[in-house]
Amino acid sequence: MTKQQYQDLVSTYGVHPARWPEDLRLSALTFTQANQDLAAKINEGEAVLDSLLDAASLPETVNDLLMARIITAAKNTPQQEFLHIETPANDHPTRFLADDEPPTPITNWKKMAATLLITMGIGFVLGQSLTANSEYYMADTLLAFNSEAESSANLWSESNQ
Amino acid sequence: MTQNRASGFKTNSDPDAKIVTALASGDPAALKSLMERHLPRIKSLAWYMLKDEMRAEDIAQEVFMKAWKHAPNWQSGGAKYSTWLYRVAKNLCYDQLRKKQEIHLDVLPDITDPSIASDEAMIQSDKLASQKTKIAQALTALPERQNLAIILCHFQNKSQRQAADIMEINVRAYESLLARGRQSLRQRLNPHKKSLLKDMGDHA
């Protein structure tokens, strides 16, 4: 490790080897042992900042009351139903299915409702076009029936005569 | 059906795999185990980001309620379950910070020493609180992501890979944020350096 590399390392991670990246730790420690005075000089400013940050650190304690509050809330909250959905592999390290939230039955109902609406819309358009033409078909059919009825009536009257 | 639950765990390399599988079956004891492992750190992450004890507790509760509710459908792309917990906490804190731009720095947790009785001890305690406030102010004044990078590295002792995963950025970007954050912090604390070090010396 060079002087510049060591300087970059401590200005990024501070002077405590435990915070250094594992792959650089050994070579950095070798550098400090081989260049003790130089390393001490580089460490000087960063060590002050580390000490100030250490002084502002908060003790981490288990909060029993908070834990009890969360467990009570959980007992009164149902878990989401398990939805077996095949998802494609991706390189996102940790995730829910979309935006940190799993798909819910409501989301699926929305999709179904949208499909239903589209189908109804298509049906309505098709129905309209058929209805528009059907007036002519109806008129033709009625005329056909009328003419047939007339000719039948004529034939009936002719045969009676 | 249950065999598919918490199907994110393709391997047993995640130390929380068993707990999350039990959590997916609705076991409150699993939630307790999960909290024993991660609650103090999740809460402290929220505290460092928000500098507010009550809000940090609320964030911690929300994180573990999300873990409880979504456990049956949790999926992993390979990272640890705890990374997801930290990400949820981080995102909730960002939401809070955006809702309330102005952070009340005077609301610091009571870190009181029961042995304090004399006036001298009270003065020392005040000095320490003032020192903590100055450092907290300098940290909070940093851009959000630089602040978070310092919190994860310095206060949470996360490895560079873990920290980058939590921040959802690559390692190079994380290191850049960390270096810039420390540089800004040095500049901000430089005018107070002597008095802060003196207070530290007096307290020690």
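**From a helix pair to the interface**

Guide: In chain A, helix α1 (residues 3–13) and helix α2 (residues 22–34) pack at an angle of about 115°, and their axes lie 11 Å apart; the axes are lines fitted to C-alpha atoms over the stretch in contact, and angles run from 0 to 180 degrees between N-to-C directions. Helices here are DSSP runs (H or I, at least four residues), numbered from the N terminus. The contact, meaning heavy atoms within 4.5 Å, is made by A:Lys3, A:Tyr6 and A:Leu9 on the side of α1(A), and by A:Leu24, A:Ala28, A:Phe31 and A:Thr32 on the side of α2(A). By class, this contact has five nonpolar, one polar and one charged residues, where Ala, Val, Leu, Ile, Met, Phe, Trp, Tyr, Cys and Pro count as nonpolar, Asp, Glu, Lys and Arg as charged, and the others, Gly among them, as polar.

This is a predicted model, in which local features need pLDDT of at least 70 and side-chain atom pairs count only at pLDDT 80 or more, while totals for chains, interfaces and linings use all residues. Residues are numbered from 1 along each chain as its sequence is written, chains are lettered from A and ligands numbered from 1 in the order in which they are written, and side-chain values use heavy atoms, with hydrogens and water left out.

Where the chains meet, the contact takes 70 residues from chain B and 52 residues from chain A. Together the two chains bury about 5400 Å², 62% of it on carbon and sulfur atoms; buried area is the accessible area (1.4 Å probe) that two parts lose on being put together, summed over both. In chain B, the residues that lose the most area to chain A are B:Asn73, B:Gln75 and B:Arg182, together 13% of what that side buries.

B:Arg182 also meets the side chain of A:Glu46 in a salt bridge (2.9 Å, N to O), a term for a side-chain nitrogen of Lys or Arg within 4 Å of a carboxyl oxygen of Asp or Glu.

Note on methods
Helices (H or I, at least four residues) and strands (E, at least two) are DSSP runs, numbered from the N terminus.
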